[in-house]
Amino acid sequence: MKNQRLVVVGAGIAGLTAAYRLKRAGYDPIVFERAERVGGRMATDVVEGFEIDYGAQFLYDNFSLIPNLIREVELTPKLVQGGQTLSMLKGGKCRAFRADDLLSPLKSGVLGLGAWLRFGFQGYGRLSAQVKSLPMNDITAWVSYDDLDAETWSNSYFGRDVTDYVIEPQ
């Protein structure tokens, strides 16, 4: 069985992790990536001398899988504590808000009152109540949240503005 060639499609965090785990299990996987670089949606660009990190995932303190993987592959010294301020362009203006200040998206203009209320009360409140007991390190416990694509799911919970400017900034 270990003589079989295995293919991993995509060199984002999930694909690279799969290839790493397969290699540790004694397989010799081949990773295919259509982009010119690895990392998927996680990357760092330098714009006018400033490093800008972007990605598909924020690593919160209660997440264990990715930080454990970072330690396992000995990248811990490269892990940098980020700030709480997020910035994005909306309406031709740079808008900054703090992840630890619930009023900040409203005050900064990232979200209007309706979108902010929906996010806080309907989306975040309802979602928090549903998932508060689910373990962060067991993806099988989250299967009922994996029946829609990310955009459709986010729109149904949070609305288009939150999806476009908070969940997946443009």
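Begin by selecting glutamate 74, which counts as exposed because its relative accessibility is 67%, where exposed means over 50% relative accessible area and buried under 20%, with partly exposed in between (1.4 Å probe, protein chains only). Glutamate 74 sits in the loop between helix H2 (65-72) and strand E5 (85-90), and it has a positive phi of about 60° although it is not a glycine. Helices (H or I, at least four residues) and strands (E, at least two) are DSSP runs, numbered from the N terminus.

This is a predicted model, in which local features need pLDDT of at least 70 and side-chain atom pairs count only at pLDDT 80 or more, while totals for chains, interfaces and linings use all residues. Residues are numbered from 1 along each chain as its sequence is written, and side-chain values use heavy atoms, with hydrogens and water left out.

Next, select glutamate 48, in the loop between strand E3 (43-47) and strand E4 (50-54); glutamate 48 is also not a glycine, yet has a positive phi of about 50°.

Of its 15 residues, Val110, Leu111 and Leu127 touch the most other members. Helix H4 (113-131), H5 and H6 each supply at least two residues of this core, and the largest share, four residues, comes from H4.

Finally, select leucine 111, whose contacts (heavy atoms within 4.5 Å) include Trp116, Asp161 and Val166, not counting residues up to four places away in sequence.

Methods
A nonpolar core is a set of buried Ala, Val, Leu, Ile, Met, Phe, Trp, Tyr and Cys residues joined through side-chain atoms within 4.5 Å.
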